[in-house]
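My notes are below the structure.

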Amino acid sequence: MEPYPLKFRPIFKERIWGGRRLAEMFGKKLPAGKKIGESWELADLPEDKSIVVNSELAGMTVGGVANRYAAQIMGSDRFIGPFPLLLKLLDAEDVLSVQVHPDAETCTRMGKGAPKAECWYVIAAEPGAVIYKGLKKGVTKQDFEKAIREGSVAELLVKVEVYPGECHMLPAGTPHAIGAGIVIAEIQTPSDTTYRVFDWSRVDEKGEPRELHISEALESIHFGGQELSVTGVGRLADTEYFKVDKGHQSRGAEVLLEGSMRILMVMSGGGRIVSPKTMPVEFAAGETVLVPASFQGVCTFAVETEYLTITL
């Protein structure tokens with residue numbers, strides 16, 4: 001295979017807290033009449049696998065491509081799935097539940113689940129919009145259990161006003177929630193293990209409260225505090241699982257692409273990726289492009305463009 005930048009079909013997820021802004025902002029073709037909270041841009045989970053939509057590999061899953069062409073795509077002769085990233089765009093029209101993801105030690109201890117670390121890049125935020133990120137200093141497990149019973153969990157969480165361009169790191173074990181009026185790019189490890197601990201006394205379309213996972217959440221939360229970072233320029237996240245860098249290029253700028261696999265998530269603007277050996281690949285705001293490790297080419301920006309580059 002001649003290495004070629006790959007684009008994927010988004011996987012839309014209806015959510016009680018979702019909206020329609022992914023269509024308004026990025027032209028996503030959302031299903032009619034649905035509140036879409038998530039667009040999975042790159043996924044390789046048992047029930048959700050991203051499908052290539054361009055090149056001769058169209059129709060294959062990202063995991064299938066990485067397995068068949070490990071050296072070209074991953075830069076390694078051997079690929080052990082799943083693909084090591086899960087990338088999403090989130091539209092929070094309403095507040096999300098307070099939830100937590102387990103770390104590897106917790107998964108082993110409980111004998112279930114898969115560890116999950118993530119970061120949020122704020123694409124858009126209404127004035128005064130907030131996220132809930134970690135516990136206030138001194139909060140104990142007993143305090144948290146009492147707050148669950150009394151319906152006052154939010155009072156124990158750190159409430160942070162957010163602005164476009166910020167990146168918030170959320171290590172496994174951190175209780176968190178996205179507030180209303182925020183659009184986010186979410187970069188995470190390939191796990192959908194989420195334990196919901198508080199849902200603002202909300203009910204679904206049938207008038208029923210959504211399922212909570214209180215015992216699992218209490219096992220997963222890191223009580224005693226964590227150092228939680230926020231960045232806005234250059235290297236946004238640097239973890240053992242992934243690295244995220246922010247790029248901002250003017251019209252006509254060019255960036256060389258070679259040497260390692262990288263994934264571009266385009267926040268605004270657009271352009272094309274060109275190589276002497278392949279046809280150009282166009283990209284626009286809201287799209288995600290996987291650039292294979294063995295690809296050699298140039299990314300040319302047609303207009304002022306903001307994007308994230310994710311590497312392993």
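The entries that follow cover the cysteines, then the largest pocket.

I started with the ground rules. The model is predicted, so local features need pLDDT of at least 70, side-chain atom pairs count only at pLDDT 80 or more, and totals for chains, interfaces and linings use all residues. Residues are numbered from 1 along each chain as its sequence is written, and side-chain values use heavy atoms, with hydrogens and water left out.

**Cysteines.** I looked for disulfides (a pair of cysteine sulfur atoms within 2.5 Å) and found zero. I then checked C167. Its closest cysteine sulfur is also in C119, at 3.9 Å, too far for a bond.

Buried or exposed? I took buried as under 20% relative accessible area, exposed as over 50%, and partly exposed as in between (1.4 Å probe, protein chains only). C107 is buried at 8%. C167 is buried at 2%.

**Largest pocket.** A pocket is an open set of points on a 1 Å grid over the protein atoms alone, where a 1.4 Å probe fits, with protein on both sides within 12 Å along at least five of seven lines; lining residues have an atom within 4 Å of a point. I noted about 380 Å³ of space in the largest one. It is lined by 21 residues, and R15, E38, Q99, T194 and R196 are the closest to its centre. I sorted the lining into six nonpolar, six polar and nine charged residues.

Definitions and conventions. Grid points are joined across faces, edges and corners, and a volume is the space filled by probe spheres set on the points. Ala, Val, Leu, Ile, Met, Phe, Trp, Tyr, Cys and Pro count as nonpolar, Asp, Glu, Lys and Arg as charged, and the others, Gly among them, as polar.
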